[in-house]
Amino acid sequence: MDDGAMACTTLSAFPFLTPDEFDAACRALAERTRSCTAAQLDGGWSSARLVTQAQAQAQALEDEDEDEDPEALVRTNLHPTLQIDYDIVLSPTYQVPVLYFVLRWHNHQGPVGLDAVYQYVVPEQYKQQLQNVGVMGGISFGVGAHTYVLFLSLSQTEKGKTGWYHPESGAPAFFVHPCNTADAMAQVADGQSVTTGTYLLIWLGLVGQSVNLHVPRELVVSDGPSPY
Amino acid sequence: MDNSASPAAIQKSIWDGRIPLEIVLAPAESRSYDKTDAYLVSYPRVSYLPSLLPKLRAFFSPYLIEPGSRHHYGWFAFEGVPLKWHYPVGLLFDLYAGADPATKSGFGSDVSRETAAPFPWRLTVHFGDWPAEDLVRLDENGMVMNDAFINSVKEADFLRNGTAKGIMTLSKEDSSGLWKAVENVDLPSFQRISHILLPPPSQPFRNVPIRIFLPLPPDEESGSLKVVQSPLSPSVPSSGVQPSQSISPRSSPGMQPQTIGGVLHTLLPNLFPSRRTPVLAKPVLHGAVLPMSAPIEEVVRSSAYGDGWAYVVVRMMG
């Protein structure tokens, strides 16, 4: 966990990730995040955590306390607040990361459902594009039995919606369909130059935008280890 | 039965397979509490529970305390555990019902097993208090269920071919037809469409879509199922060498079909110390014990559920 070594090895099967590469990529992103203070993280990230498979069970309990976190209280005292918890999970089928997310209201009982995700989470310019995919659009409810390894949390006030829970618990969560991820990665990046240290940043840039998860500038500029 | 059964015959008997269900309305939602008549149905293994909801809603409507509840508010539980509706009922039965799986020698001769059989399988239907922490909500038009099914089909397709282009290029009629065929348990229509998706028998799968469900701890509260999934090549190097990722799946010299026992031994060595003989646990599919020697690609080609996956349940011996 805490070896701190930033192994930025090249990938054996880009755009795909093996479990070991995914693990290394998550560690690298967590490390990068840790080197930025919360204040430096624009884009509203409130925390990022690395969770390994063995820890995932205990994590579910810890998340209960998360709501009592002082920072969260400050933010939620007066206003309805939407917290979005994003999980990055390796799909054993597609062998690419999948972005799961859960919405939690604080101080407000909001409506629940996919409509609310489109209303509050998906930026305007992505709505049509996402809704035109597949049976129900590019976001589905899913019930994962996956290991979630990286936990990112983003808080926003005055926006919000809904709640389905963590993939690891087998509970409902939203996810962005991963079936085009590999093609998209291959289109924007050159397999030679992508490493475990940069894969997830590129991936977040591709996948995160559509569900309001933006890569804070500080993660890709000076503070962190160089992305390339 | 054993070696003479063709893949087509096996597939037909799986699609013909039915489970007797006795469905009761949750007492708290009934005007007559637990005196409500039960709904009895012989239900196909490959079907999904929500397809029953419109009929159940109609059947129980005289009893419902909350007359405004809609059919898509309906959800099922077995012994208090909410059942994941996106799994076919045959899998749910194999997971939860505790029935002894059939073996090569059949059930017939063993009378004690008959009496222990949990038939009919007794489920409770609720039309209120949706367990939002356990189950994804349904919608009135069945779109959510259709979406879940197609996503699962896509995953299987991706594993078999290395791309999801097959299902993406399927015509709209065929893509909705595939789901309709499963809903209606219409094997001929299903075969026509899945024929478009499946690589011909001469062309091996790239990976074989199998999910393995681990035994549930007896006190397991809810849907936290433990599922094992890993890329599984249809063939592995002969002579028991470790399978390597770089090996081509095409059958070539030095390769042999990967078997169920080989997969279980590799992925779950503690539960399956031998790749030939079940010692501590046995693999169950469609209510029957799978032979350890069965090649995984043949198992999936003949015995997958409608979404293209073989869902193998691991049961402890004894």
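1. Helix 7 of chain B passes helix 8 of chain B in a left-handed crossing (left-handed if the near helix is turned anticlockwise from the far one by less than a right angle, right-handed if clockwise). Helices here are DSSP runs of H or I with at least four residues, numbered from the N terminus.

2. A word on the source: this is a predicted model, where local features need pLDDT of at least 70, side-chain atom pairs count only at pLDDT 80 or more, and totals for chains, interfaces and linings use all residues. Residues are numbered from 1 along each chain as its sequence is written, while chains are lettered from A and ligands numbered from 1 in the order in which they are written.

3. Back to our helix pair. Helix 7 (residues 172-183) and helix 8 (residues 187-197) of chain B pack at an angle of about 140°, and their axes are 9 Å apart. Axes are lines fitted to C-alpha atoms over the stretch in contact, and angles run from 0 to 180 degrees between N-to-C directions. Therefore helix 7 of chain B is oblique to helix 8 of chain B (under 35 degrees is roughly parallel, over 145 roughly antiparallel, 65 to 115 roughly perpendicular, the rest oblique).

4. Now chain A: it has eight helices and six strands, strands being DSSP runs of E with at least two residues. Among contacts in chain A between residues at least 6 apart in sequence, 75% join residues at least 24 apart.

Key:
Contact = placed C-beta atoms within 7 Å.
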